[in-house]
Amino acid sequence: MLDATKPSLPYTPGVGYKAQHFNDIMQDAGPVGWLEVHAENYMGMGGRPLAQLRHLSEKFPFSVHGVGLSIGGIGRLDADHLTRLKTLCDWLKPASFSEHLAWSTHESAFLNDLLPLPYTSATVKRVADHIDEVQSTLGRQMLLENPSSYLAFAESDMSETDFLAEVVARTGCGLLLDVNNVFVSATNLGYSPQSYIDAYPLDAVREIHLGGHDEDEDETGAPLLIDSHGAEVVDPVWALLDYTLAKSGPKPLLIEWDTDVPEWAVLVEETKRADTALSVFA
Amino acid sequence: MITTQSDFRAALLDPSSPAPDGVQNPDGVPATKRFDVYRNNVAVSLTDALETAFPVVNKLAGTDFFRAMAGVYLRAHPPTSPVMMFYGEDMPDFLAGFGPAQSVPYLQEMARLELALRHSYHAADVTPIEPDALAKIAPDTLPNVTFGFAPSVHLIASNFPLHSIWWANTHGGDIAKVAQPTLITRPDFDPAVDALTRKQAAVLAALINGDPLGKALQNGGAGFDLGPLLGLLLSRNALISINT
């Protein structure tokens with residue numbers, strides 16, 4: 001499925017694009033080499049959102065990141081939504097398309113959150129079948145992102161890393177490794193984030209996400225980190241990025257900041273740090 | 001123990017129910033507070049989406065009332081599509097039947113206006129007719145002319161001074177004393193909101209419906225002056241074709 005002739009994201013920092021930063025980006029993007037958008041925010045028929053993308057796509061490679069396909073849902077994929085994704089990808093011609101290992105739709109109700117899945121052979125089959133359908137409809141490889149987990153399922157009988165490796169083997173999809181999600185899940189579920197990276201199929205990684213999280217605790221007093229995309233990336237996550245890159249080599253790095261979005265200058269500072277993490281490969 | 005997505009979903013939307021069977025912390029203990037993270041994400045993100053979508057309804061109702069109402073709405077009408085930009089399509093009808101909202105009788109019309117603003121913002125890009133296009137039509141054929149409207153055009157019927165209520169809550173100013181059917185257009189990228197008279201609205205509704213000009217003008221009654229309405233439609237880039 002992977003084709004060296006197809007476009008791919010550059011090995012530079014990118015940011016999740018927010019409309020309020022349009023003028024800043026057009027004037028001086030700093031070290032930012034590419035942009036990522038949430039697919040569902042660009043599914044109108046026209047107007048400013050699509051006009052902005054048209055201008056930006058003349059200057060930057062794009063990643064289209066879906067947040068609503070419900071790849072882990074027990075029902076069929078939403079055919080209308082898949083068509084909308086194809087329309088957007090055919091128009092924007094992004095360097096990458098990615099989605100989440102999660103479900104969000106049940107019996108036509110879209111719950112607007114990335115909901116967790118048990119890791120079993122039945123889930124592998126369902127997720128792999130859905131990814132096959134996405135890749136054949138879009139005519140391109142997709143990347144699958146690891147979730148932030150807050151709880152475990154009694155029925156799970158395999159690790160998340162084995163699950164992802166099995167899905168990659170079955171579908172030929174690539175992976176979007178979110179190192180903040182790894183840190184959040186490892187803290188919440190009590191394992192070492194480094195051991196997760198050691199077991200993770202790094203050969204399939206085509207993009208890495210970095211974002212901030214909130215801190216809470218559960219009713220037993222155990223730490224409960226919550227993925228918020230609303231703050232700076234914390235030092236242990238930067239360290240986990242360095243640990244990962246040392247094993248994987250350089251990758252396209254994305255700063256995700258979706259809530260309480262700061263001034264452009266704050267994002268530039270985050271991308272400079274990502275640029276530094278990549279500089280050891282220059 | 002299997003946790004079905006059906007059980008998971010039901011517990012997500014019911015704050016009084018326990019976490020579904022089979023979700024646990026790393027020690028195998030049932031994970032109530034951990035499940036609440038998802039429950040909270042769903043309720044808060046949908047409530048926030050409604051607040052963003054209906055800022056003036058929120059202002060008129062008051063934030064405490066609005067968020068409580070949103071909690072009822074999102075459980076009765078969860079999104080049916082991942083395209084959240086249009087979430088809240090059922091809000092006007094919901095408000096019409098929502099007892100506690102009846103003290104603000106124009107709330108549902110305001111919800112209709114704010115929904116139309118979002119549809120206008122995301123409507124397809126089109127090319128408007130030239131301002132002098134109508135002057136090129138032979139006068140004797142004018143009564144048979146029909147107009148094509150930009151997909152960003154919406155007409156909101158109202159028996160309240162809807163436009164000035166919207167304007168007062170977004171820009172400031174006084175509330176008018178007359179009914180204001182409200183026209184939404186999109187001259188460029190930002191929707192425009194204009195007040196119409198009842199007669200202008202009646203003529204425009206017929207034109208949008210595809211009636212020929214001569215027939216539509218009958219809705220305006222004797223002495224109706226088409227000029228101001230036509231001038232507004234042209235200046236707002238609302239017309240995309242004249243069909244003779």
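Chain B has an open sheet of three strands in the order β3-β4-β5, paired antiparallel. Strands here are DSSP runs of E with at least two residues, helices are runs of H or I with at least four, and both are numbered from the N terminus. Two strands count as paired if DSSP finds at least two bridges between them. β3 (154-156) and β5 (192-195) of chain B are the edge strands with a single partner each, so one side of each has no neighbour in the sheet. From one strand to the next the twist averages 20°. Angles are taken between N-to-C directions and run from 0 to 180 degrees; axes are lines fitted to C-alpha atoms, for helices over the stretch in contact.

The model is predicted: local features need pLDDT of at least 70 and side-chain atom pairs count only at pLDDT 80 or more, while totals for chains, interfaces and linings use all residues. Residues are numbered from 1 along each chain as its sequence is written, and chains are lettered from A and ligands numbered from 1 in the order in which they are written.

| Strand pair | Sense | Bridges | Residue and partner |
|---|---|---|---|
| β4 (182-185) and β5 of chain B | antiparallel | four | Ile184(B) and Val193(B) |
| β7 (143-145) and β9 (174-178) of chain A | parallel | three | Glu145(A) and Leu176(A) |

Chain A holds nine helices and 13 strands. Its radius of gyration is 18 Å, close to the 19 Å that the globule rule gives for 282 residues, so chain A is as compact as a globular protein of that length. The radius is taken over C-alpha atoms, and the rule is 2.2 Å times the number of residues to the power 0.38. The C-alpha trace of chain A spans about 50 × 40 × 35 Å along its principal axes. Eight strands of chain A form a closed barrel, β1-β2-β3-β4-β7-β9-β10-β13, with parallel pairing.

Helices α6 (179-189) and α8 (235-248) of chain A have axes that come within 9 Å and cross at roughly 115°. Residues of α6(A) in this contact include Val179(A) and Phe183(A), and those of α8(A) include Leu240(A) and Leu241(A). Residues are in contact if their C-beta atoms, placed from the backbone, lie within 7 Å. By class, the contact of α6(A) with α8(A) has seven nonpolar, two polar and no charged residues. Ala, Val, Leu, Ile, Met, Phe, Trp, Tyr, Cys and Pro count as nonpolar, Asp, Glu, Lys and Arg as charged, and the others, Gly among them, as polar.

Chain B is assigned domain 1 (1-122) and domain 2 (126-244), with bounds from an automatic or database domain assignment. The domain centres, taken over C-alpha atoms, are 35 Å apart. Their contact takes 13 residues from domain 1 and 14 residues from domain 2. On the domain 1 side, α6(B) gives the most, with nine residues.

Between the chains, the contact takes 37 residues from chain A and 38 residues from chain B. β6(A) supplies the largest share of the chain A side, six residues. That side divides into 19 nonpolar, twelve polar and six charged residues.

Methods:
Contact = placed C-beta atoms within 7 Å.
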